[in-house]
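Work through the exercises below with the coordinates open. Try each task before reading its solution.

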Amino acid sequence: MALVSAKEILENARDGHYAVPAININNLEWTKAVLSTAQEMNSPILVAVSEGAGKYMTGYKTVVGMVKGMMEEMNITVPVALHLDHGSFEGAKEALAAGFTSVMFDGSHLPIDENLEKTREIVAIAHAQGASVEAEVGSIGGEEDGIIGTGELADPQECKTMADTGIDFLAAGIGNIHGKYPENWVGLSFETLDAIKQATGSIPLVLHGGSGIPEDQIKKAIDLGVSKINVNTELQLVNAAALRDFIVAGKDLEGKNYDPRKLLAPGFEAMKEAVKEKIEIFGSANKA
């Protein structure tokens with residue numbers, strides 16, 4: 001099955017009152033864990049790539065080739081969109097040129113007029129080739145690949161203005177944070193989320209920083225119109241923990257466990273379990 005635009009995936013999620021995970025990948029193991037688990041769970045999926053991870057994997061063309069090749073070799077039949085996460089203006093254009101089917105242009109750090117103008121340009125380029133666009137209003141808290149947000153609450157009227165640019169889904173700050181959540185985190189602002197939903201109408205909404213938000217808050221956010229939830233930090237943490245346990249236990253010294261296919265296997269299995277858990281909580285199992 002070919003890569004698809006995220007627009008249809010997320011509109012189906014909106015109408016079905018569930019959310020689809022957007023899981024960030026960093027290498028082959030990550031990609032294989034995400035795709036294989038989505039297939040096993042019969043869930044649509046967004047394979048997300050940050051600009052930093054894209055550079056690490058040597059460029060967007062490499063990422064497109066790996067994801068497409070893996071889908072063909074593994075006979076992946078669930079809908080898969082390849083999505084650029086927190087893309088710059090130039091980064092979004094490069095990802096679209098390489099064959100990404102969805103991009104986020106993150107102009108949330110720009111003055112709103114410039115954010116709107118650049119978003120419209122990306123929308124025109126993306127829609128001309130059947131790809132979808134996410135934009136952001138009100139920065140997300142924490143830090144991810146050098147992108148730092150203060151955890152603002154988005155202005156519902158600015159959200160409406162952004163939705164009117166023709167974007168396909170909208171990320172809005174509602175108190176969510178990238179990375180680990182601090183102990184003094186006050187939780188999501190459902191009042192803000194509800195106001196954004198009322199202002200923007202039917203456009204699917206996006207929740208960034210999905211690692212660490214309590215399950216009850218996740219489900220309430222989905223009820224209020226969130227159709228895409230980003231997950232990144234959680235897979236990094238479970239992968240690192242599994243690899244640490246394997247090496248601390250000395251298992252890397254047994255037999256041929258120095259072989260990377262064996263050495264990296266515990267992390268791979270841990271990531272699969274994390275993806276499965278997210279699919280179950282978000283409600284996208286058997287929705288492909």
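Contact means heavy atoms within 4.5 Å. The model is predicted, so local features need pLDDT of at least 70 and side-chain atom pairs count only at pLDDT 80 or more, while totals for chains, interfaces and linings use all residues. Residues are numbered from 1 along each chain as its sequence is written, and side-chain values use heavy atoms, with hydrogens and water left out.

**Exercise 1. A helix residue**

Task: Which residues does Thr119 touch, not counting residues up to four places away in sequence?

Solution. Start with the location: Thr119 is found in helix 6. Helices (H or I, at least four residues) and strands (E, at least two) are DSSP runs, numbered from the N terminus. Next, list the contacts. Beyond four places in sequence, Thr119 touches Phe105, Ala135, Met162, Thr165 and Ile167. Then check accessibility. Buried means under 20% relative accessible area, exposed over 50%, and partly exposed in between (1.4 Å probe, protein chains only). Thr119 has a relative accessible area of 0%, so Thr119 is buried.

**Exercise 2. The barrel**

Task: In what order do the eight strands of the closed barrel run?

Solution. The order is 1-2-3-4-5-8-9-10, with parallel pairing. Two strands pair if DSSP finds at least two bridges between them. From one strand to the next, the twist averages 25 degrees.

Now take individual pairs. Strand 2 (residues 45–50) and strand 3 (residues 80–87) run parallel, joined by six bridges. Leu46 has Ala81 as its bridge partner in strand 3. Strand 4 and strand 5 also run parallel, with four bridges between them. There, Val103 stands opposite Val133 in strand 5.

**Exercise 3. Helices on the sheet**

Task: Which strands does helix 2 (residues 28–41) touch?

Solution. Helix 2 packs on the sheet against strand 1 (20–24), strand 2 and strand 3. Its direction makes about 165 degrees with that of strand 2. Axes are lines fitted to C-alpha atoms, for helices over the stretch in contact, and angles run from 0 to 180 degrees between N-to-C directions. Repeat for helix 6 (residues 112–128): this helix lies across strand 4 and strand 5 (132–137). Helix 6 runs at about 170 degrees to strand 5.

**Exercise 4. Aromatic pairs**

Task: Why does the pair of Tyr60 and Phe100 count as edge-to-face?

Solution. Begin with the criterion. Rings of Phe, Tyr and Trp (its six-membered ring) pair if their centres lie within 6.5 Å; planes under 30 degrees apart count as stacked, over 60 as edge-to-face and the rest as tilted. The structure holds two such pairs. For Tyr60 and Phe100, the centres are 5.3 Å apart and the planes stand at 75 degrees, so the pair is edge-to-face. Tyr60 sits in helix 4 (residues 60–73), and Phe100 in the loop between helix 5 (89–98) and strand 4 (102–105), 40 residues apart.

Phe89 in helix 5 and Phe105 in strand 4 are 16 residues apart. Both are buried.

**Exercise 5. The core**

Task: Which members of the largest nonpolar core touch the most other members?

Solution. A nonpolar core is a set of buried Ala, Val, Leu, Ile, Met, Phe, Trp, Tyr and Cys residues joined through side-chain atoms within 4.5 Å. The largest one has 78 residues, and Ile25 and Phe100 touch the most other members. A second, separate core of 14 residues includes Val20, Phe169, Ala171 and Val206. In soluble globular proteins, nonpolar side chains tend to be buried together.

**Exercise 6. Charges over rings**

Task: Over which ring faces do Lys32 and Lys287 lie?

Solution. A charge sits over a ring if NZ of Lys or CZ of Arg is within 6 Å of the ring centre and within 35 degrees of the ring normal. Lys32 lies over Phe268, at 5.4 Å from the ring centre. Lys287 lies over Tyr18, at 5.2 Å from the ring centre.
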